[in-house]
Amino acid sequence: MDPVSTEQVAEFRRFNRYFTRRIGALDDHYLGQDRPLGEARLLFEIGEGVSLRELRGRLGLDAGYLSRMTKTLQAQGLVRVSVHPGDSRLRVVELTRAGRVELAEQNRRADALAAGLLEGLSGPQRDRLTEAIGTAQRLLRLAGITVTRVDGAAPDARACLDAYAADIDARFPEGFDPSDLVRPEEVSGDAGAFLVAYEEGRPVGCGALRRLEPGIGELRHVWVHPDARRLGLARRLLAALETEATTRGLTTLRLDTHASLTEARAMYRACGYTEIPPYSDHVYGDHWLEKRLHPPGS
């Protein structure tokens with residue numbers, strides 16, 4: 001990827017400073033209520049009830065800091081903490097009646113704040129801003145996703161493959177046989193690689209690379225969770241697989257795809273893959289594609 005410029009960093013930080021001030025994030029009495037933004041956000045995230053473990057992962061909070069905020073809300077009678085009925089190791093936090101009343105008022109004030117910020121714009125300007133915010137959120141989500149190589153037998157790898165199999169089984173007219181999934185030994189060590197995309201610790205995509213013959217590799221099972229689609233993650237995974245291939249000395253990548261996966265075929269073509277004659281008798285292959293890779297710096 002291209003390096004981040006100092007101008008881009010400065011503009012990003014300038015927007016952060018402006019926006020946090022406009023929404024009152026720096027005020028100890030967020031939205032005019034008697035609590036800072038952190039506690040107000042925690043009330044919102046608790047909603048209908050959630051485990052403290054899930055809250056830590058969702059908000060990226062230190063366990064001690066989350067515990068202190070939870071105890072503060074509990075002392076104010078806004079939340080209650082109990083043992084999870086199905087797992088005694090988990091603590092569940094939920095809103096009390098007073099907590100639900102405060103959250104409702106918090107949401108009302110937050111809506112009023114947002115409406116007030118938008119009132120100074122015309123209808124078309126609001127549409128442009130809404131579209132820009134949506135774009136920013138998608139790009140920030142993509143930026144926060146990490147792509148990691150894992151062992152082909154790792155639980156996250158097999159969980160992604162199970163989700164992939166269920167997804168395409170519903171899309172293929174003839175269904176999908178899970179026995180067609182790559183075996184762990186095909187995508188581990190010298191034989192290949194398995195990549196998993198993580199968003200806030202949760203697997204949201206995958207892709208496999210296996211060596212076919214000297215200099216030639218094959219891509220399999222490039223998949224993105226429905227919740228993470230339309231972010232550009234599939235292309236991110238594809239680029240990471242290509243980088244992995246070049247580090248292994250592969251000069252050509254091949255793949256096949258099913259006729260029903262029209263969007264996947266369009267993506268591969270847009271990324272430089274061209275159709276070739278069949279190189280295998282794969283039962284789900286209707287189109288075969290290939291791309292010549294260039295070593296880094298060439």
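How many aromatic pairs does the structure hold? The structure holds six of them, where rings of Phe, Tyr and Trp (its six-membered ring) pair if their centres lie within 6.5 Å, and planes under 30 degrees apart count as stacked, over 60 as edge-to-face and the rest as tilted. The rings of F15 and F19 have centres 5.7 Å apart and planes at 10 degrees, so this pair is stacked. Both residues sit in helix α1 (residues 6-22), four residues and about one helical turn apart, and F19 is partly exposed at a relative accessible area of 39% (buried means under 20%, exposed over 50%, partly exposed in between, with a 1.4 Å probe and protein chains only).

F176 counts as buried at 9% relative accessibility, and Y284 counts as buried at 10%; together with Y164 and F172 they form one aromatic cluster.

The model is predicted, so local features need pLDDT of at least 70 and side-chain atom pairs count only at pLDDT 80 or more, while totals for chains, interfaces and linings use all residues. Residues are numbered from 1 along each chain as its sequence is written, and side-chain values use heavy atoms, with hydrogens and water left out.

For the chain as a whole, 38% of the 298 residues count as buried, and the C-alpha trace spans about 65 × 50 × 35 Å along its principal axes.

Key:
Helix = DSSP H or I, 4+ residues; strand = E, 2+ residues; numbered from the N terminus.
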